[in-house]
Amino acid sequence: MAKANPVVGIIGGGQLGSMLATAAKKLNIKTVILSDDPEAPAKNFCDEIIITDYNKLKKIDDFINKVDFVTFEFENIPFNILEYISKHKPVCPKPSINQTVQNRFKEKEFVKSEGIKTTNYVLIKNKSDLLNNDALLPGFLKSCTLGYDGKGQYMVNNKDEVEDLVIDFKKEYILEKKINLKKEISIIITRFVNNDCLVYEPIENLHINQMLNKSIIPAIIDKNISNQAQQQAKFLAEKLDYIGTMCVEYFIDENNNLLLNEIAPRVHNSGHLTINAYNISQFENHIRAVCNIEKIQLKKNHNAEMINIIGEDIKTFRGKSYSENEFFFDYLKKEIKEKRKMGHLTVIKS
Ligand code: ADP
Ligand code: MG
């Protein structure tokens with residue numbers, strides 16, 4: 001077991017960093033955030049923040065010297081920086097996992113090689129690749145790296161639309177066949193050293209314009225799908241030798257096939273309801289796993305529904321009063337932007 005009150009370094013200063021810092025505080029663990037954003041909202045929740053470009057080694061060294069363990073709240077940190085940090089302090093999950101999962105093509109190849117069903121996809125480097133793969137239309141064209149909340153994604157219905165596409169082919173993409181979705185679910189899992197796992201029950205997710213709108217437990221799905229999703233998430237966490245909390249997103253198609261959509265090597269938006277619905281949240285479990293402190297059995301206290309608050313809507317929510325079943329989280333982002341996640345509301349049920 002690690003020392004009683006370690007200091008955790010968190011790379012990334014968005015709302016996930018804020019919620020990790022809040023969870024750490026509950027455990028009496030100090031947090032130092034490393035962010036390239038002077039307005040990083042996590043500065044309101046952590047003990048210390050270092051603002052720097054991720055390639056300034058002097059500042060990275062300061063960060064390393066202040067912390068005992070390192071983790072991250074977003075997966076697009078340059079791999080060489082994560083590697084550098086991991087030579088000095090333990091980084092969880094380990095950087096090589098990030099390298100696989102931050103590239104949609106590599107991620108899908110990995111999932112497929114492990115015998116897990118995913119969508120039909122192909123690597124796309126130019127327009128003729130698209131035209132030659134019209135069997136996958138209608139489909140989603142997604143940039144291999146740096147996409148999130150539907151950013152870097154294009155719905156392509158037919159060959160005519162391929163002609164009209166204006167996209168940057170300096171980047172690589174995957175084209176993924178459009179699934180007729182019955183449901184979307186996610187599994188949040190925390191894996192500790194010694195291969196001990198805690199798996200939350202499946203969460204049902206509703207998206208609007210490819211962005212998460214609502215997450216609900218319980219997910220109304222067949223028991224066998226629920227078991228299969230949890231088992232696959234556990235299998236992948238073991239396979240990756242993952243330490244910390246991760247999320248596996250799934251599609252359930254119209255024929256009740258479970259298809260893995262993507263793996264997020266971090267705490268996840270769909271797991272925010274665990275803060276109010278469970279004895280231990282995804283964030284606290286992440287900190288516990290990363291710092292190698294005691295694992296406590298999970299207990300669900302409530303069913304729950306979480307809704308994301310996007311852009312200007314935050315103003316309405318800021319002005320409301322809430323009942324004891326409603327938990328409003330304001331991410332305290334300085335600037336309100338369209339399509340920006342500004343907060344969330346979780347409502348607990350019986
Ligand atoms: P992101 O990294 O932005 O979350 P995803 O690949 O998870 O990207 O896509 C975001 C959402 O877009 C999905 O949750 C789903 O609602 C929709 N979507 C993406 N790919 C497909 C697909 N192949 N078929 C149907 N819907 C899709
Ligand atoms: Mg997604």
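## Ligand shell

Helices (H or I, at least four residues) and strands (E, at least two) are DSSP runs, numbered from the N terminus. In this predicted model, five strands each give at least two residues to the shell around ligand 1: E6 (139-143), E8 (173-177), E9 (181-191), E13 (244-253) and E14 (258-264). Residues are numbered from 1 along each chain as its sequence is written, and chains are lettered from A and ligands numbered from 1 in the order in which they are written. Local features need pLDDT of at least 70, side-chain atom pairs count only at pLDDT 80 or more, and totals for chains, interfaces and linings use all residues, while side-chain values use heavy atoms, with hydrogens and water left out.

There are 20 residues around ligand 1, and Lys-142, Gly-150, Gln-153, Glu-184 and Asn-261 come nearest. A residue is near a molecule or strand if one of its heavy atoms lies within 4 Å of it. The shell has 9 charged, 6 polar and 5 nonpolar residues. Here Asp, Glu, Lys and Arg count as charged; Ala, Val, Leu, Ile, Met, Phe, Trp, Tyr, Cys and Pro as nonpolar; and the others, Gly among them, as polar.

## Polar contacts and cover

A polar contact is a pair of N or O atoms within 3.5 Å; within protein, one must be able to donate a hydrogen and the other to accept it, and residues adjacent in sequence count only if both atoms are side-chain atoms. An N or O atom in the Gln-153 side chain is 2.7 Å from an oxygen atom of ligand 1. For the side chain of Asn-261, the distance to a ligand oxygen is 2.8 Å. For the side chain of Glu-262, it is 2.8 Å. On its own, ligand 1 has 550 Å² of accessible area, and the protein covers 93% of it. Accessible areas come from the Shrake-Rupley method with a 1.4 Å probe; for residues, only the protein chains shown count as cover.

## Backbone features in loops

Two peptide bonds deserve a look. The bond from Cys-92 to Pro-93 is cis, with omega near -10°. Pro-93 sits in the loop between helix H3 (79-86) and helix H4 (95-101). The bond from Ile-217 to Pro-218 is also cis, with omega near 0°. Pro-218 lies in the loop between strand E12 (211-217) and helix H8 (223-239).

Gln-210 is not a glycine, yet has a positive phi of about 65°. Its loop runs between strand E11 (203-208) and E12.
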